[in-house]
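Please find below a short note with numbered points, meant to be read beside the model.

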Amino acid sequence: MKAQVIHTFGNPSVFQVEEVPIPTVIPGHVLIKVKASSVNPIDTKIRSGLVPAVSPVFPAILHGDVAGIVAEVGEGVIDFKPGDEVYSCAGGFKGTGGALAEYMLADARLLSHKPKNLTMEEAAAIPLVAITAWEALFDRAKLSTGAEILIHGATGGVGHVAIQLAKWAGAKVYTTASNPKKLQLAKELGADVAINYKETSVEEYVNKYTNGKGFDYIFDTVGGVNLDCSFEAAALHGTVAAIAARSTHDLTPLHSKGLTFHVVFMLLHIVNENHRRQNGEFLKKITSVIEEGKLRPLIDPKRFTFDEVAEAHQYLDSNQAIGKIVLVNNW
């Protein structure tokens with residue numbers, strides 16, 4: 001089969017199209033005929049060599065998000081059969097093969113049937129970001145109906161899904177973005193209040209929208225210095241969940257406010273085999289929300305094929321994309 005393979009870490013030019021063996025089906029796994037994938041920041045970090053602890057061995061096939069058709073099932077698989085349309089974040093990390101190939105071997109515990117109301121391309125945009133948002137909002141933060149939450153990064157991959165899931169759960173959603181176009185998109189996605197963080201300070205929006213109390217729930221999908229903004233914006237005994245915490249911070253605000261802080265790194269449930277079922281169960285619940293019409297992916301209008309994966313990575317690195325970048329398998 002054809003695959004995009006890397007033999008070393010580096011810039012997007014490290015991708016090479018090669019002929020490699022089709023994976024052999026093993027017990028508990030399925031072979032997927034890949035139709036589409038999408039790019040996530042973790043994919044570019046792995047390609048660059050920034051997270052060697054979770055990177056696959058060389059030669060490596062990257063990308064976790066996949067949508068496709070089951071071609072073959074291994075012994076013990078009972079939930080899927082050949083011909084089923086499926087989607088998942090199922091590999092491209094340590095100990096697994098990736099989606100940038102004609103076929104992908106995937107642990108059946110990580111899979112869900114594809115939502116009936118999404119195309120393959122739309123489905124490929126969902127798994128990693130939606131599982132991340134679900135874990136942060138419901139498994140870790142325990143967000144409930146009637147709660148108020150501040151979500152940073154309104155039109156990012158995880159942020160735009162989190163807005164929709166929080167609204168589905170009955171929360172009042174505040175969100176931040178950097179320009180009028182993104183603020184408008186945030187409102188269209190369901191945000192009750194969209195805040196331009198470049199024009200409004202943390203103190204100003206905390207005073208305006210919470211009378212100075214702060215937010216009980218905050219989901220930070222940005223990280224870096226923005227984490228300090230999240231700690232500043234949190235209420236006493238508030239809960240902050242984050243997906244980007246590879247940085248140094250003064251934790252005094254957590255102590256002085258008695259905050260609860262969660263870090264979500266969903267691919268840990270892929271590289272640690274005993275935890276894989278959790279991601280699959282989250283994805284099945286997400287599928288139900290999608291089929292209810294309560295969640296849809298925001299996909300950047302610029303599309304790519306598997307032959308153009310280097311260009312897709314460059315585009316993500318440019319920070320110009322809005323929503324998810326999707327790649328269609330053209331092989």
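Which helices each supply at least two residues of the negative patch?

1. The helices in question are α6 (202–210) and α7 (225–233), helices being DSSP runs of H or I with at least four residues, and strands runs of E with at least two, numbered from the N terminus. The model is predicted, with local features requiring pLDDT of at least 70 and side-chain atom pairs pLDDT 80 or more, while totals for chains, interfaces and linings use all residues. Residues are numbered from 1 along each chain as its sequence is written, and side-chain values use heavy atoms, without hydrogens and water.

2. The negative surface patch consists of Glu203, Glu204, Asp228, Glu232 and Asp250, where a patch joins like charges within 9 Å among residues with over 30% relative accessible area and no salt bridge, the area coming from the Shrake-Rupley method with a 1.4 Å probe. Asp250 lies in the loop between β12 (234–242) and α8 (252–257).

3. Eleven salt bridges are counted, each a side-chain nitrogen of Lys or Arg within 4 Å of a carboxyl oxygen of Asp or Glu. One of them pairs Asp317 with Arg47 at 3.5 Å, N to O; this pair links distant parts of the chain, 270 residues apart, with Asp317 in α11 (residues 309–317) and Arg47 in α1 (residues 41–48).

4. The chain has eleven helices and 15 strands. Its radius of gyration is 20 Å, close to the 20 Å that the globule rule gives for 331 residues, so the chain is as compact as a globular protein of that length; the radius is taken over C-alpha atoms, and the rule is 2.2 Å times the number of residues to the power 0.38.

Note on methods:
Patches are made of residues with over 30% relative accessible area and no salt bridge: like charges are joined within 9 Å, nonpolar side chains (Val, Leu, Ile, Met, Phe, Trp, Tyr) within 5 Å. Lys and Arg count as positive and Asp and Glu as negative; His and the chain ends are not counted. The place of a charge is taken as NZ of Lys, CZ of Arg, CG of Asp or CD of Glu.
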